[in-house]
Amino acid sequence: MHSLYDPGRHEPLAVVEWNPQRVRDAIAAICRDAESAFHADRLWPMHPEDDEPGTPAGGILRGVYCGAAGMVHALGRLAGAGFYEPSLDLAAIAGGLHEAALVSPDEEGAGASLMFGYSGILLVEHRLAPTAMTADALANAIAANVEHAANELLYGAPGMMLVARAMYTRTGEERFAELWQAGGRELLERQEKDGLWTQDLFGRHDRHVGAAHGFAGNVLALSAAPEWLDDARAVQIRAVATASAFALVDGDVANWPVDAPGMRSGNPTRLQWCHGAAGVVTSLAGLAPDDDAHGALLTGGGELIWRAGPVAGNAGLCHGTGGNGFAFLALLDRTGDERWLERARAFAMHSLDQVDRLRAATGRGRYSLFTGDVGAALLAAACLTYDARFPGLDDL
């Protein structure tokens, strides 16, 4: 089993009894701390671990992944579910992000992308204060990214397909269905014989398998609107076969590699949302509900996540305990087996504890949707509301 993941990247599960009131109090505390850290001009302070090459000078981030739009989305979702009463004007914050992001994007070359560019910002703005002007700007953003070379969720057309699907659901406007279909056709034309895609990112060409930058995330986008595909069944059959072909299986547990075999070295196997079983499970759990072999493979991924334990020192969604916990909720949705809810709740309690421990150690919170404290709050909230939607992707 240890050949499928690095035990050093995980830590023992804290034995903390599930307590709904304690969970609600912890969620509210995370939200209040986030509001207290907000500054009208500087937005939320960037955590040192989120400072990467290409981050704008001054560390003011506005996008969905690590920036203010993601925080507004998370706080809005938690407030809408009744977990806290916001004191910030979230709609006003979202409305002030787009123009500044055009001048200073979160990452060089982010463009219109969902996670780091301006389409995600506009989508959050439109949800809180919908206008025809914002809808037009989103249609233009999606069209601009249809032929993006990235072939992955965070930067490329698959992310824009999720934006288009969300906008169609909100508005019923056919132009968004047509934009989704254009992205889907382009994506399927680029799919390679083995079922993967080649990602062109940051001057590198990779063939990733997971959710953030590879196969699983692309399938998530394609499965968001099967009624708009010419042959949805063929797409699903191929996705299930590809997931099986690239799985790393040891007895009753499974994981997936970062890269396809034969690609560049230096990427050890991960067990998290962005690379590895958690992202594959959350992305593919809705496929082929009557396929027992596919279900068993995804269950193997969930079993490995459980046995490995929480991600060490990280409560977040992308590469932390929070994201791994959502894999259990996806399996609960697929199977109806209550053990997955129990496991999700155990990871939720642990991730809330991680938030407290990390804040005590560093003297500050971490304020971002995909890497920060609010990911733990969203997992805990999902365990109370039985909501398996992955934040920032399934709940747009």
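**Reading helices in a predicted model**

Helix 2 is mostly covered, with twelve of its 13 residues buried. Keep in mind that this is a predicted model.

Me: Okay, which residues of helix 2 are buried?

Reply: Here's the general idea to start with: an α-helix has 3.6 residues a turn, so residues three or four places apart point the same way. In helix 2, the buried ones are Ala68, Ala69, Gly70, Met71, Val72, His73, Ala74, Leu75, Gly76, Arg77, Leu78 and Ala79.

Me: And what do the buried residues of helix 2 pack against?

Reply: Four helices turn up there: helix 1 (20–37), helix 3 (90–95), helix 5 (118–128) and helix 15 (374–385).

Me: Now another pair. At what angle do helix 9 and helix 11 pack?

Reply: Helix 9 (residues 215–222) and helix 11 (residues 277–284) pack at about 15 degrees, their axes 9 Å apart. That's why this pair is called roughly parallel. Their crossing is left-handed.

Me: Which residues make the contact?

Reply: Helix 9 brings Phe215, Ala216, Gly217, Val219 and Leu220, while helix 11 brings Gly279, Val280, Ser283 and Leu284. Sorted by class, the contact of helix 9 with helix 11 has six nonpolar, three polar and no charged residues.

Technical notes
Residues numbered from 1 in each chain as written. Predicted model: local features only at pLDDT ≥ 70, side-chain atom pairs only at ≥ 80, totals over all residues. Heavy atoms only, no water. Axes fitted to C-alpha atoms, helices over the stretch in contact; angles between N-to-C directions. Helix = DSSP H or I, 4+ residues; strand = E, 2+ residues; numbered from the N terminus. Parallel < 35°, antiparallel > 145°, perpendicular 65-115°, else oblique. Left-handed = near helix turned anticlockwise from the far one by under 90°. Contact = heavy atoms within 4.5 Å. Nonpolar A, V, L, I, M, F, W, Y, C, P; charged D, E, K, R; others polar. Buried < 20%, exposed > 50% of the residue type's maximum accessible area, 1.4 Å probe, protein only.
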